[in-house]
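I opened my notebook and looked through one protein, element by element. Here is what I looked up.

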Amino acid sequence: MSAGAVAGRILAVAGKELLHLRRDRLTAGMILGIPVVLTVLFGYAINQDVRGLPAWVADQAGTSASRALVQALEATGVVTVTGTAADPAALEDGLARGRIVVGVYVPPDLETRLARGDRPLAQLLVDGSDPVVLSAVRGLVQQGRSVFLFGLRREDGFRPERMTARAGFALRALYNPERRSPVFIVPGLVGVILTLTMVLFTAVAIVRERERGSFELLVSTPVRSLELMVGKILPYVFIGYVQASVILALGVFLFDLPVRGSLADFYLAAGAFVVSILSLGLLISALARTQFQAFQLTFMSFLPQLLLSGFMFPFDGMPEPVQWLAELFPLTHFLRIVRGVVLRDAELAALSADLWPLGLFFLLFMSLATTRFRKRLD
């Protein structure tokens, strides 16, 4: 057997594969699409340098010194003041609802504290469930004298050199003061694992029927498109509840995860998320022609959600346009809900701003899937 004949056969097979890739537009698009998407996401959107954390201020001093203190704090860029509160209780309520990440409490005796220089000037309350965010706020406390007191001296004539090491900010970390990563990660894993498995299971459901030939039987039945879609997802709703329960139980028994909120609220939110993400899988199933394409589309839908939802990287550290994009993902909203319920003991009604988008996603994806689906063999 000559080397030329072997090379000719190899090149023939390679040419056939290239021709197949030309005809498979989805695969061809992923060849360039995945490197571009990943490079842009990691280079532009993913940022461990946390900036712009939303904060409320409870300024009970109401003096020029307190205003200068808040302005100097905001000038660091780590926090962005988005509102005010009456007292520390209101700050804690905002943290529990997920409205803010940092609360700034300035006591009424700020002038006395400045004169004596031996007590903290103000207190920072922080949602410490994310260790990365907590570390960023701890950095503010550590540089308090060099940054914040300098701002006071410029504004009000105070002398930073007279202040002791205690003069600055006191830090109060809520929900995860030990900075244990599993406390933050495990509740998020409920959403991440459900996103991957539920979309994957349903994405191949109709495609598998078509490839195995059993789809012909459905064509001859009076089952409507919507009825078929609902029937396809019902078993997976139960499976989703089983998976969510297993993940939560493992978190409690293996990682000592504190479940502070209501289990009823947790399961209600999980149910809303499961049906919304299952409808996305059905849409993929209606779009894909083969199981391989279904796997590809599942991966393409899962990767941006994993990176931009706030599971791996702090959501508030991302550029604002990327945050707007992340709001279009069901996982982004569910992570806020599940962490609010499990870690912060937030009631589901207080998290309604992230609950109703899940229902909207379900209606949108189900409508598109039903419209796209046709009971035919071609």
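My entries follow, from the whole chain down to single residues.

**Entry 1: Ground rules**

I am working with a predicted model, where local features need pLDDT of at least 70, side-chain atom pairs count only at pLDDT 80 or more, and totals for chains, interfaces and linings use all residues. Residues are numbered from 1 along each chain as its sequence is written, and side-chain values use heavy atoms, with hydrogens and water left out.

**Entry 2: Confidence**

I looked up pLDDT, the predictor's confidence in each residue, from 0 to 100. The mean for the protein is 81. I noted that 78% of its residues reach 70 or more. Which elements have the lowest and the highest mean pLDDT? Helix 7 (residues 144–156) has the lowest, at 55. Helix 15 has the highest, at 94. Where pLDDT is low, the predicted coordinates should not be read in detail.

**Entry 3: Overall make-up**

I found 16 helices and five strands in the protein. Helices (H or I, at least four residues) and strands (E, at least two) are DSSP runs, numbered from the N terminus. The protein has 378 residues, and 47% of them count as buried. Buried means under 20% relative accessible area, exposed means over 50%, and partly exposed is in between (1.4 Å probe, protein chains only). I then checked contacts, meaning heavy atoms within 4.5 Å. Of the contacts with a separation of 6 or more, 79% join residues 24 or more positions apart.

**Entry 4: Aromatic pairs**

I used this rule: rings of Phe, Tyr and Trp (its six-membered ring) pair if their centres lie within 6.5 Å. Planes under 30 degrees apart count as stacked, over 60 as edge-to-face and the rest as tilted. How many aromatic pairs are there by this rule? The count is five.

One of them joins Tyr241 and Tyr267, which are tilted, with 5.9 Å between centres and 45 degrees between planes. Tyr241 sits in helix 11 (residues 225–255) and Tyr267 in helix 12 (residues 263–287), so this pair links distant parts of the chain, 26 residues apart. Tyr241 has 29% relative accessibility, so I logged Tyr241 as partly exposed. Tyr267, at 27%, is also partly exposed.

Next I checked Phe273 and Phe334. Their ring centres are 4.4 Å apart and their planes meet at 10 degrees, so the pair is stacked. Phe273 lies in helix 12 and Phe334 in helix 15 (residues 330–344), so the pair ties together parts 61 residues apart in sequence. Both Phe273 and Phe334 are buried.

I also noted a cluster: ring pairs link Tyr241, Phe266 and Tyr267.

**Entry 5: Arginines over rings**

A charge sits over a ring if NZ of Lys or CZ of Arg is within 6 Å of the ring centre and within 35 degrees of the ring normal. I found Arg336 over the face of Phe315, at 4.8 Å from the ring centre. Arg339 lies over the face of Phe184, at 3.7 Å from the ring centre.

Helix 8 (residues 181–203) has 23 residues. From first C-alpha to last, helix 8 reaches 32 Å, close to the 33 Å expected. The expected span is 1.5 Å times one less than the number of residues. Where is the kink in helix 8 centred? I found the kink, about 35 degrees, at Leu189. The bend at a residue is the angle between axes fitted to the seven residues ending there and the seven starting there.

I looked at the loop between strand 5 (169–174) and helix 8, where Tyr175 lies. Phi of Tyr175 is near 80 degrees, a positive value in a residue other than glycine. Tyr175 is buried, at 14%. Arg179 lies in the loop between strand 5 and helix 8 too. Phi of Arg179 is near 60 degrees, also positive. Arg179 is partly exposed, at 40%.

**Entry 6: Gly281**

Is Gly281 buried or exposed? Gly281 is buried, at 0% relative accessibility. I placed Gly281 in helix 12. Leaving aside neighbours within four places in sequence, Gly281 is in contact with Val199, Thr202 and Ala203. The C-alpha atoms of Gly281 and Val204 are separated by 8.1 Å, though these residues are 77 apart along the chain.
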